[in-house]
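Please read them alongside the sequence and the coordinates.

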Amino acid sequence: MFGEHSTLGLRGGQSHLRWVAALPALLAASVSGADIRIEGERLHVTTNRMEATFFGPELAEVRNIASDERPMYGTRPRTPLTRVQAGDGSWPALRVTEWRTGKNPNAAMLTLKDLARTAVLSVSVDSDTDEIVVEMWADAREEGLRSLQFGIRNLDATVGRLLLPTSGDQEIKPATLRQTRTLAYPAAWQAPFFVWQGAQGGIVAYSPDGGERRTLTVTPQGSKADLQLTTEAPAPWAACGHMPAATWRIDCYKGDWRAPAQRYRDLMYDRHPPVPTRGGRGWVTQIDRVVEVTRQEAATWQPPADADTASATLVRFVGALPHSGSLDAAMAAATRRAKQAGCRVMLDLDVTTPGDAEKWRRQLVLRPDAATALEPPAVSLASPEWRAHLGAVAEGAMAEAPTDALMLVGLDAMPNDGRPERGGNQAFRAAGALCRALLTRFPNLILASGAVCDALSPFVWWARDFPKPSVEPGVSRFLFGAHLIEPATP
């Protein structure tokens with residue numbers, strides 16, 4: 001699937017690719033050139049583009065057939081990387097079975113278990129895409145579940161680099177990495193996608209799942225590097241008796257990382273189609289600079305005198321909108337000056353911080369490991385009452401000041417809420433629900449956020465924490481840059 005360059009456009013609407021379900025390959029049989037073979041603790045998987053060996057529950061060796069490289073080699077059994085975390089945060093010792101056929105004879109699987117928990121790791125080959133599909137799920141009889149980890153070992157740090165979609169477009173070179181680094185999705189790691197780029201090709205891995213918090217951990221091991229992919233369980237963790245399958249798809253490719261990144265971008269936009277920018281929203285495509293004006297500067301701030309410059313300028317009034325929905329006089333006057341000059345106006349709206357925590361006590365986000373509210377308190381975006389309140393606040397502000405866009409402060413926080421009745425770990429969909437509600441109420445509005453991720457990319461047209469134009473374009477700008485205004489300029 002990721003082996004060839006795609007000619008599809010940046011938008012999912014231009015050419016739709018379906019998100020295919022994993023179709024396991026027959027054990028020890030050929031399916032689209034794939035072969036799965038078990039040798040005790042080892043599982044050997046061969047596709048048209050790669051040969052992979054799992055040593056126990058961890059991916060330990062890979063040969064990139066497409067580029068004729070070995071980016072991973074050597075089993076090096078050490079401290080387990082594939083683990084199950086109990087609800088109290090501990091990591092129990094687990095007994096690992098050998099690979100075998102399970103209830104589904106078309107996949108190989110093993111189990112990791114102790115007296116209270118059982119996790120299943122399944123590996124198959126998708127006959128439509130030729131990708132290796134890794135799925136992991138777990139059940140607990142007591143003590144709950146907090147997370148699952150899947151490990152990848154032995155990446156050759158001397159010839160490879162890890163490319164990630166992050167706000168700084170980070171490129172991690174494990175050969176120079178001195179300590180373990182962890183990036184959390186969706187805050188720092190903007191999409192569950194990464195590329196290991198070698199000299200002639202590389203390895204790509206991504207997850208088609210949505211709605212879970214994840215982390216990627218990179219650990220240097222001399223001339224090698226290990227990765228851990230962690231998926232958080234739905235909260236509250238102490239009461240979590242079942243964790244649905246977390247899925248990772250792995251493939252090899254020949255050439256530059258942009259080929260698999262473009263394919264993932266097409267898939268991402270097919271799954272999360274961007275809100276169109278026609279009609280009253282079309283102005284956003286003409287913006288080429290953002291100016292930020294604080295409360296202290298509002299009284300004396302003047303818009304650009306040049307009409308062409310003004311029409312291409314979006315002015316963000318930082319901290320402009322309190323929860324009452326009423327702007328102070330200086331801010332309101334400054335917004336009118338901006339509009340009269342031809343600028344577009346953005347106001348801030350804090351979407352998680354309650355003006356009166358006691359009033360919203362029943363809607364506050366609970367810590368996932370305890371029945372107490374987060375500190376400082378935050379209101380759950382899964383609350384319909386809170387979303388309706390935010391819409392009313394925005395409407396009140398728009399009655400006082402001309403507004404083209406809203407900066408939704410805190411939209412990208414996405415906490416794992418400990419209230420099961422609020423949807424558990426459904427913060428991704430809750431943030432999207434707020435965006436949809438605002439755009440339904442104000443169809444010409446443009447939304448912005450502190451950061452962007454795949455779940456927010458359909459709605460967010462400006463992200464404050466985004467790679468600057470001077471940075472060489474990396475994965476983040478490749479995935480999201482087509483519909484993001486550049487960062488603020490003086």
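Contact here means heavy atoms within 4.5 Å. The model is predicted.

1. Helix α4 spans residues 329-341. From its first C-alpha to its last, this 13-residue helix reaches 19 Å, close to the 18 Å expected at 1.5 Å a residue.

2. The buried residues of α4 are Met331, Ala332, Ala334, Thr335 and Ala338. Viewed down the helix axis, they fall within an arc of 160 degrees, so they line one face of α4. An α-helix has 3.6 residues a turn, so residues three or four places apart point the same way. Ala329 and Gln340, on the other side of α4, are exposed.

3. Which elements cover the buried residues of α4? The cover includes strands β21 (289-293), β22 (313-321) and β23 (344-350), together with helix α2 (295-298).

4. Just after the helix, Gly342 adopts a positive phi of about 105 degrees.

5. Strand β3 (residues 50-55) is largely enclosed by the rest of the structure, because five of its six residues are buried.

6. β3 pairs in the antiparallel sense with β2 (residues 42-46) over five bridges, and a hairpin of three residues joins β2 to β3. Phe55 in β3 is the bridge partner of Arg42.

7. β3 also pairs with β4 (residues 58-64), in the antiparallel sense and over six bridges. Here Glu61 of β4 is the bridge partner of Thr53. The hairpin of β3 and β4 has two residues between the strands, and Gly56 takes a positive phi near 65 degrees in it.

Conventions: Residues are numbered from 1 along each chain as its sequence is written. This is a predicted model: local features need pLDDT of at least 70, side-chain atom pairs count only at pLDDT 80 or more; totals for chains, interfaces and linings use all residues. Side-chain values use heavy atoms; hydrogens and water are left out. Helices (H or I, at least four residues) and strands (E, at least two) are DSSP runs, numbered from the N terminus. The expected span of a helix is 1.5 Å times one less than its number of residues. Buried means under 20% relative accessible area, exposed over 50%, partly exposed in between (1.4 Å probe, protein chains only). The arc is that of the directions from the helix axis to the C-beta atoms. Two strands pair if DSSP finds at least two bridges between them.
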